[in-house]
Amino acid sequence: MKEQGGIRVWRGWRKETVAWDKFIRHLATIFIPATWQVMGRLGLRLYVPSVLAESKPEGLPDEVALLFYPSQSAYLAARSRSAAGRAYGLLHEAVFAFTPERRSTSTTAVSWSPGQPAPLQDQPFHRQATGNGCRFCAAQRVVFLALSHQQAPSAMPGALFAVLGQCCDEAVVYGENAFTLAWLAVRNAGEFDRGMLAAELASRLPASTLVAVHAAERMQFQVDYFAEFDGLALQSDQTLFFLPADRIPEGISARASALE
């Protein structure tokens with residue numbers, strides 16, 4: 001498996017001293033828009049942040065994100081070689097915990113293809129689109145899944161793709177003992193039904209519980225750090241999908257929702 005240096009998965013745990021409402025407000029008005037406004041200027045090409053529900057199984061993070069940079073060196077330069085990047089890094093400490101028990105962090109993905117051995121736990125893996133499969137940069141929507149379990153099943157990658165029925169679309173999956181996260185590029189999120197997913201996952205992965213399934217449409221968002229801005233319409237149990245405006249086809253609206 002080859003490291004995909006520009007693809008990263010962030011898992012963030014809220015500081016226990018920060019109330020949930022304040023946490024959501026900080027994400028909506030500062031952290032998430034600043035990530036796109038600042039890091040988008042420094043190389044970030046795709047950003048899919050997700051907020052999980054406040055009432056969720058123990059051990060799951062509060063906010064996670066999928067991020068695409070051109071390369072690992074571009075990511076490192078964005079974070080450390082400019083005052084803007086270093087200032088952005090400090091924003092994490094306002095609401096995220098960095099303790100051994102609640103260790104917020106991001107990890108580089110490796111490439112993976114069906115038939116290969118399952119990646120190690122705590123290691124995100126990236127599956128390229130094949131054939132006429134949908135890529136993230138061309139997707140109308142991204143579907144985000146979060147599953148809770150006591151131990152990550154070794155069959156998780158193949159089982160997830162089989163359940164989703166999108167065997168040729170681009171995807172990123174991250175798993176550890178307590179949970180698994182997955183992002184899938186799709187052309188039509190209407191194909192996905194929460195009840196069907198829950199039933200299929202229960203059949204194939206009986207030790208796992210579906211915690212979240214979101215469908216996020218591409219958002220048009222002004223990359224101007226100094227413009228007047230009241231904040232994003234963000235709430236618990238929601239995913240947003242940011243892509244540069246020059247990659248958004250006409251007619252795509254800016255909204256995100258949880259699939260019913």
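Visitor: Is alanine 171 buried or exposed?
Guide: Alanine 171 is buried, with a relative accessible area of 1%. Buried means under 20% relative accessible area, with a 1.4 Å probe and protein chains only. This is a predicted model: local features need pLDDT of at least 70, side-chain atom pairs count only at pLDDT 80 or more, and totals for chains, interfaces and linings use all residues. Residues are numbered from 1 along each chain as its sequence is written, and side-chain values use heavy atoms, leaving out hydrogens and water.

Visitor: Which strand has alanine 171 in it?
Guide: Strand 7, residues 171-175. Strands here are DSSP runs (E, at least two residues) and helices are too (H or I, at least four), numbered from the N terminus.

Visitor: Okay, strand 4. Why is it largely enclosed?
Guide: Because 6 of the 7 residues of strand 4 (residues 105-111) are buried.

Visitor: How many bridges join strand 4 to strand 5?
Guide: 2, and the strands run parallel. Pairing takes at least two DSSP bridges. Valine 110 has phenylalanine 125 in strand 5 as its bridge partner.

Visitor: Switching to helices: at what angle do helix 1 and helix 3 pack?
Guide: About 160°, with the axes of helix 1 (residues 20-39) and helix 3 (residues 83-95) 11 Å apart. Axes are lines fitted to C-alpha atoms over the stretch in contact, and angles run from 0 to 180 degrees between N-to-C directions. So helix 1 is roughly antiparallel to helix 3 (an angle over 145 degrees).

Key:
Buried means under 20% relative accessible area, exposed over 50%, partly exposed in between (1.4 Å probe, protein chains only). Angles under 35 degrees count as roughly parallel, over 145 as roughly antiparallel, 65 to 115 as roughly perpendicular and the rest as oblique.
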